[in-house]
Amino acid sequence: MPAWACVSSIERSCAFYCDLLGCELLSHEEQTGEWLATIFGYEEGCIKLALLRTPGSEHLIELIEFLAPSSAAVPIEPRLVGAAHVCFLVD
C-alpha cells in the first residue's frame, strides 16, 4: 500500500520527488467519480493523482492534489493527527 500525501501542486511535487530524489513517475492522471465521495467524503470531488516509485525499491508514494473541493494550507505541527513525513535512507 502506498504512502500518500496531499500536495498543492502535482507538477511541482513530481518535479521535486523525481528530479531531486530520483523517484520514478508510474502514473499521472485526473480523476472524478463517486468513489472519491466514498473514500474522502466529498460529493463533488476531483483530484489529480500521481503514483511514484522510490529509487532502488518497490515502495510507492501517492500524491494527491484536490481540484474540487478547493483546499487551504494550514499550519502543520508534528503533534497534530494527520501530520506525516516521508523518510529516505541515503548513503
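I began with L20 and found this residue in helix 1, residues 10-20. Helices here are DSSP runs of H or I with at least four residues, strands are runs of E with at least two, and both are numbered from the N terminus. The model is predicted, so I kept to its limits: local features need pLDDT of at least 70, side-chain atom pairs count only at pLDDT 80 or more, and totals for chains, interfaces and linings use all residues. Residues are numbered from 1 along each chain as its sequence is written, and side-chain values use heavy atoms, with hydrogens and water left out.

I looked up the accessibility of L20, and L20 counts as exposed because its relative accessibility is 64%. The classes are buried for under 20% relative accessible area, exposed for over 50%, and partly exposed in between, with a 1.4 Å probe and protein chains only.

Entry: aromatic rings.
I searched the whole structure for aromatic pairs and found 4. One of them is W4 with F40, edge-to-face, at 6.4 Å centre to centre with 70° between the planes. Rings of Phe, Tyr and Trp (its six-membered ring) pair if their centres lie within 6.5 Å; planes under 30 degrees apart are stacked, over 60 edge-to-face, and the rest tilted. W4 sits in strand 1 (residues 3-6) and F40 in helix 2 (residues 34-40), so this pair links distant parts of the chain, 36 residues apart. I noted F40 as partly exposed, at 23% relative accessibility. F40 also pairs with F66: the ring centres are 5.1 Å apart and the planes stand at 80°, so this pair is edge-to-face. F66 belongs to strand 4 (residues 60-68) and F40 to helix 2, so parts 26 residues apart in sequence are tied together. F66 is buried, with a relative accessible area of 17%. Ring pairs link W4, F40, Y42 and F66 into a cluster.

Entry: salt bridges.
My search of the whole structure gave 3 salt bridges. Each needs a side-chain nitrogen of Lys or Arg within 4 Å of a carboxyl oxygen of Asp or Glu. In one, K48 meets E11, with the closest N and O atoms 3.2 Å apart. K48 is in strand 3 (residues 46-53) and E11 in helix 1, so the pair ties together parts 37 residues apart in sequence. E11 is partly exposed, with a relative accessible area of 41%.

Which residues are linked in a network of salt bridges? I found E24, R53 and E58. The closest N and O atoms are 3.0 Å apart between E24 and R53, and 3.5 Å apart between R53 and E58. R53 is partly exposed at 24%, as is E24 at 40%, while E58 counts as exposed at 64%.
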